[in-house]
Amino acid sequence: INAEYMGILQKNMTEQLANAISCHAWNRDQSLIALSPNNNEMHIYATNGNVSDASKWERKWVLDKHGGPVSGIDWAPITNQIVSCGHDRNAYVWRYDEKDNDWKPTLVILRINRAATAVKWSPNENKFAVASGAKCVPVCYFEASNDWWICKVIKKHRSTVLSLDWCVNNKFIVTGGADMKCRVFSAYLEGIDPSEDDGFGEVFPKQHEFGEVLAEFDSAQSWVHSVAWSPGGFRLAFAGHGSNVSFVQILAGSTPIVQTVNFPNLPFLDIRFLSDNSLVAAGFDMNPAVFEVTGGTEAEPFWSYKQSVDKKDTASSSQASQSSFGATRAAFSATVNQGVQFGKTVEESSIWTKHKNIISNIFVFPPAEFPATKFSTAGLDGRVVVWDVAPLALK
């Protein structure tokens with residue numbers, strides 16, 4: 001199948017960087033990528049101008065301050081700070097020191113008694129939020145007078161918080177967790193966030209009350225693995241373990257509208273908006289899937305599954321016939337190793353997708369204008385793949 005005919009340009013980075021990758025993030029110009037090889041370390045690679053060819057990357061730094069597996073990484077594009085969190089119940093903010101050519105960590109005490117599960121910078125990069133197994137979300141900010149990071153804690157969850165995302169206005173977060181709920185909270189901090197109404201006052205009257213539950217949704221009917229907030233601020237999405245994605249349209253002065261799209265394959269572990277009208281999801285299926293607004297109105301859009309990004313190349317999947325000796329040897333090997341009766345034909349199966357194991361997370365490259373057309377995925381196969389979906393002409 002011709003790649004242009006499929007409408008997909010795939011940037012294949014099939015080089016295995018580790019046995020597994022739990023999370024990853026890029027810097028602003030994609031010259032550096034930070035990832036965790038599913039342990040307590042964070043590796044930073046220089047791409048050397050070859051974003052699409054991991055074999056040409058160079059590992060520059062190994063950061064190993066965490067005392068347990070790293071579960072979340074986010075890279076602030078403007079301030080160039082990295083925040084990481086882990087199962088050691090801590091977070092670190094990393095700043096690059098040009099003089100020493102090294103990354104200097106600052107420990108952030110989260111005041112949680114269970115593992116941290118995810119972390120995300122706010123849009124203004126002046127605070128970050130951490131999901132945790134302690135049924136709470138610490139919102140951390142830098143206090144210049146004391147020269148350290150402190151946090152205020154959002155509670156009101158009933159189980160582990162698995163994911164979170166920020167609203168574009170820097171004041172709200174959306175969370176999803178193992179209590180099968182998606183919630184919107186106020187993360188407004190006096191003295192850091194402006195107190196003026198930015199258009200959400202009619203939607204969320206208690207927007208300036210920190211920790212207040214502004215909205216709650218339970219349409220996933222299963223663990224909420226991932227949540228996302230659209231660039232425009234008035235649409236949300238959350239993915240459940242029941243192989244579904246729910247889309248929320250926030251309306252001023254009325255109840256939000258929720259539409260749930262059931263996916264025919266395996267559940268998603270991460271979702272990201274590419275624009276207000278398109279979203280990419282990935283997880284157990286090992287193949288990113290695109291959803292798009294296909295009808296309805298601006299106030300009540302209708303979402304549909306569009307297509308999966310990775311496509312099987314039928315030409316390359318056909319195999320040449322084996323020699324007589326090769327066929328005999330394969331039959332003997334199947335008998336010895338798999339317990340197959342000698343001489344019986346065995347249909348050999350293989351994983352044809354670029355990823356060979358579960359996709360753990362997605363990173364969308366910030367676009368000059370929406371929709372975003374490039375994103376990367378990292379998986380438990382130790383690979384990172386960059387995808388260019390510009391030919392799909394998403395809205």
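User: Which residue meets lysine 156 in a salt bridge?
Analyst: This is a predicted model, where local features need pLDDT of at least 70, side-chain atom pairs count only at pLDDT 80 or more, and totals for chains, interfaces and linings use all residues. Residues are numbered from 1 along each chain as its sequence is written, and side-chain values use heavy atoms, leaving out hydrogens and water. A salt bridge here is a side-chain nitrogen of Lys or Arg within 4 Å of a carboxyl oxygen of Asp or Glu. At 4.0 Å, N to O, the side chain that pairs with lysine 156 belongs to glutamate 212.

User: How many residues apart are lysine 156 and glutamate 212?
Analyst: Helices (H or I, at least four residues) and strands (E, at least two) are DSSP runs, numbered from the N terminus. Lysine 156 sits in the loop between β13 (148-154) and β14 (161-166). Glutamate 212 sits in the loop between β16 (182-186) and β17 (213-217). The pair links distant parts of the chain, and the separation is 56 residues.

User: Which residues are linked with Lys181 in a network of salt bridges?
Analyst: Lysine 181 pairs with glutamate 216, the closest N and O atoms being 3.7 Å apart. Lysine 181 is in the loop between β15 and β16, while glutamate 216 is in strand β17, 35 residues away. Glutamate 216 is partly exposed, with a relative accessible area of 42%. The network links Lys181 with Asp179, Arg183, Glu216 and Asp218.

User: How many salt bridges does the count give?
Analyst: Side chains of opposite charge can pair when their charged atoms come close. By the distance rule, the count is 15.

User: What is the phi of methionine 286, and is the residue buried or exposed?
Analyst: Methionine 286 is in the loop between β23 (278-283) and β24 (289-296). Its phi is positive in a residue other than glycine, near 65°. The relative accessibility is 19%, so methionine 286 counts as buried.

User: Is alanine 393 buried or exposed?
Analyst: Alanine 393 lies in the segment after β28 (384-388). Alanine 393 is not a glycine, yet its phi is positive at about 50°. Its relative accessibility is 61%, so alanine 393 counts as exposed.

User: How far from cysteine 23 is the nearest cysteine sulfur?
Analyst: A disulfide is a pair of cysteine sulfur atoms within 2.5 Å, and a search of the whole structure finds zero. Cysteine 23 is in no disulfide; the nearest cysteine sulfur belongs to cysteine 85, at 7.4 Å.

User: What is the relative accessible area of cysteine 182?
Analyst: Cysteine 23 is buried at 4%. Cysteine 182 is buried too, with a relative accessible area of 0%.

Conventions
Buried < 20%, exposed > 50% of the residue type's maximum accessible area, 1.4 Å probe, protein only.
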